[in-house]
Amino acid sequence: MTTKVGIIVLTFATPHWQADINRVLSSLEHINYPKESLELICVESQSPDHTRVKEWFESAWMTKSGQTLPRISYLFRDEVIGFAGNNNIGFEKARELGCEYVYLLNEDAEADPDFLLKAVERAEGDKKIAYVQSLILLGDRERVNTIGNAFHFLGFGYSNGYLWSKAQAIDHLNERRKSDPEL
């Protein structure tokens with residue numbers, strides 16, 4: 001049996017929310033992971049300007065729940081609770097649904113069809129790993145946002161590999177795998 005995964009997408013009313021949500025959910029229609037082992041958990045809370053995504057989402061995407069998309073749970077809170085609060089609601093729902101892993105996917109992302117297969121394979125390959133992160137490309141899909149977030153010795157985090165070319169990132173990751181087979 002395939003590992004059950006919850007994918008959390010926050011459906012917040014950002015400046016380009018309709019185009020962003022359409023892009024991320026369209027990409028999830030092509031995911032190479034068994035839909036019966038997935039839960040798509042979309043979470044929205046009240047935006048400061050009171051724009052609501054919920055009604056549009058229900059008419060545009062809920063009909064695809066369990067069809068071309070994994071089963072969708074749409075959770076709405078009629079209060080401003082922010083990024084962390086929305087994710088906490090999504091995590092609680094994932095736990096309730098029996099998900100073994102949770103993947104946070106940004107509303108403005110476009111997921112590669114194999115992203116989840118690779119992430120779960122990596123996590124399953126070493127039980128000492130607490131979390132995994134996919135290679136994240138910028139919108140042009142040729143430059144890197146991050147090859148993995150890193151922490152400076154003073155305690156602040158940063159995006160490792162920012163603005164590298166995709167080829168540079170792949171070469172770097174392949175070299176690291178050669179020198180450390182556990183990666």
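The second largest pocket of this predicted model has a volume of about 270 Å³. Its lining counts 16 residues. Closest to the pocket centre are Leu10, Thr14, Phe83, Asn106 and Glu107. Sorted by class, the lining holds seven nonpolar, six polar and three charged residues.

Which elements each supply at least two residues of this lining? They are β1, residues 5-10, and α3, residues 82-96. Helix α3 gives the largest share, with four residues.

Stay on α3 and turn to Ala94, which lies in this helix. Is Ala94 buried or exposed? Its relative accessibility is 1%, so Ala94 counts as buried; the cut-off for buried is under 20%. Set aside the neighbours within four places in sequence, and Ala94 is in contact with Ile41, Cys99 and Val102. Ala94 and Lys178 are separated by 84 residues in sequence. Their C-alpha atoms are 35 Å apart in space.

Next come the strands. Strand β2 covers residues 38-45, and strand β3 covers residues 71-77. In which sense do β2 and β3 pair? The pairing is parallel and runs over seven bridges.

Helix α2 spans residues 54-60. Together, β2, α2 and β3 form a β-α-β unit, and this unit is right-handed.

Notes:
Residues numbered from 1 in each chain as written. Predicted model: local features only at pLDDT ≥ 70, side-chain atom pairs only at ≥ 80, totals over all residues. Heavy atoms only, no water. 1 Å grid on protein atoms, 1.4 Å probe; cavity = no way out; pocket = protein on both sides within 12 Å on 5 of 7 lines; lining within 4 Å. Points joined across faces, edges and corners; volume = space filled by probe spheres on them. Nonpolar A, V, L, I, M, F, W, Y, C, P; charged D, E, K, R; others polar. Pairing = 2+ DSSP bridges. Right-handed = clockwise from strand over helix to strand, strands pointing away. Buried < 20%, exposed > 50% of the residue type's maximum accessible area, 1.4 Å probe, protein only. Contact = heavy atoms within 4.5 Å.
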